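Dear colleague,

Please read them with the structure open beside you.

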Amino acid sequence: MFARIIKHMASGTNRLGELLVREKLISLTQLRHAQDEQQKSGQNLGYTLARLGYVSDDEITTFLSQQYRVPTINLDEYEIDPDIRKLVQREQCERHRIIPVSRSGNSLIVAMADPTNLNAIDDLKFLTGYNIEPVIASETAIFGAIERYYNVGPSYEEVMAGFDENEIDFTGDDEELNLMELERASEDAPVVRLVNMMLLNAIKQEASDIHIEPYEKKLRVRYRVDGVLVEEMTPPLKLKNAIASRVKIMSSLDIAERRLPQDGRIKLKLGKGREMDFRVSIMPTMWGEKIVLRLLDKGNLQLDMTKLGFDVKPLEDFQWAIHQPWGMVLVTGPTGSGKTTTLYSGLSELNKPGHNISTAEDPVEYNLPGINQVQMHDDIGLNFATALRSFLRQDPDIIMVGEVRDFETAEIAVKAALTGHLVMSTLHTNDAPATISRLLNMGVEPFLITASVNLVLAQRLARKVCAECKTQVKVDRKVLEDCGFNPEQIAKSNGSILKGEGCRTCNGTGYKGRIALYEVMRFTDSLKEMVLQGASTAELKMAAVRAGMMTLRMSGIGKILDGVTSPEEVMRVTMAD
């Protein structure tokens, strides 16, 4: 095998890029562009071609396998033994883009992105003492496996074993703490390890928030996973101030200030260029400082609106609205329902060289290249209304306002929409028709609402049934009727739905990931006429449904029939129509 690989390497015409061009998988222009990008990024050519979208990871691995007659491996379906992992350090895996897979006699099977990398093979042979047998996997799959297998930190029990019970009493009865002692406590190695473990475990479990909560006799840490809070650990109560101080140091906050709320940010680099932001909020409570960290994973930001959960007609309506030259598009829903992601997906589609896009956000959650994002600072007078006024002097085409909170912001946004700008924003209302009532209650005149609003979208996030443990189960007809199924839909379901049994992938919950449910109300002429005539929210909703609008519950029922979620989830996040 190795003689064959060396022979291929010796031939200058058999390099990956030239081979792909010869097989007409890419063009010469694409190859040159990828080589230019490769020189800038330092990544290998195959990874660069896949990132640019010229070929897929699968196409590259299949091609390399055929070219060098080396088998491929699907690392997602393969469990690597811990003893095998210990043979090669993480640093070597990342440097050579490899991961050890299994052992066969005196040979070590190694997944490689580039099976012609003789330097890597020689290094591994020297380090492990085994003969190296390469198999091929994509670079993306290899780095995913490295994160999965080598990012396993110490367990909670192992971290807590590092504490001496006699040395962790950092809290006095009067809460008058010595600042130097508090700083020393926060830098104590076990405290550092404990806080790091909290952050890394939250990333592994794909949590959206971490809650660190002190009570009179207990310190509790909870993660919000797929929208539901789950208790993760209960560290000793004596550690509460040391943990709070450690988080403050990491987020550049004042560790001496324990009476006022503070907000900060932590940035973690997780290898391979992946960054994770934690938005930190610290609030003094009766028994100490409660800490909430919001996880913002730039790598997991889904900006393709076709993958967010839209049905065909609602997606067409939303895309129609955001491509109008002027007017307002409003997204509504409770905190944590994905409103910002929906707006970002719309902005991403509109982000073209011919558009000047400005956003006012509190806070700026993700950085979007090509878009001018402004962070609000109420303490110095920079609020949504002030930012909006400034935007209108900046020759904008598209404006995004984080939230319409008051009459002043609403008035300026409406005027901007009426003067030739597309304005996108959010509100907190229960459904799409209620948004019109909210604007009226803020003091916006009915004729201004009807002249400016193009579309209102309400949304919720429902947990998806775990793909690993989903199974078909029979349900009582009454359950489906209570959920809102009509007789035709009950017949279509045949009295059975998909549910998760609970497995290691979903931590026994039966759910993994979330899908958005959408209620999209296109503001038609007939609805505008009803608003001018003083129609109620209920009347607007009935008229919109008659015109074809799918309510949140109807959207959820469609996801149940598609096997995406369950009746319990839909009933949890939506109200009965």
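Rings of Phe, Tyr and Trp, the last by its six-membered ring, are taken as a pair if their centres lie within 6.5 Å. In this model, which is predicted, ring pairs link F310, F318 and Y518 into a cluster.

The structure holds 3 aromatic pairs. In one of them F310 and Y518 are stacked, with 3.8 Å from centre to centre and 0 degrees between the planes. This pair links distant parts of the chain, since F310 belongs to the loop between β9 (288-297) and α14 (312-322), while Y518 belongs to strand β18 (residues 511-522), 208 residues apart. F310 has a relative accessibility of 10% and therefore counts as buried, and Y518, at 3%, counts as buried as well, the cut-off for buried being under 20%.

Because Y344 lies in helix α15 (residues 339-350) and Y366 in the loop between β11 (357-361) and β12 (372-375), the pair ties together parts that are 22 residues apart in sequence. Both Y344 and Y366 are buried.

Finally, there is a contact between a charge and a ring: the charged end of R522 sits over the ring of W320, at 3.7 Å from the centre of that ring.

Definitions and conventions: Residues are numbered from 1 along each chain as its sequence is written. This is a predicted model: local features need pLDDT of at least 70, side-chain atom pairs count only at pLDDT 80 or more; totals for chains, interfaces and linings use all residues. Side-chain values use heavy atoms; hydrogens and water are left out. Rings of Phe, Tyr and Trp (its six-membered ring) pair if their centres lie within 6.5 Å; planes under 30 degrees apart count as stacked, over 60 as edge-to-face and the rest as tilted. Helices (H or I, at least four residues) and strands (E, at least two) are DSSP runs, numbered from the N terminus. Buried means under 20% relative accessible area, exposed over 50%, partly exposed in between (1.4 Å probe, protein chains only). A charge sits over a ring if NZ of Lys or CZ of Arg is within 6 Å of the ring centre and within 35 degrees of the ring normal.
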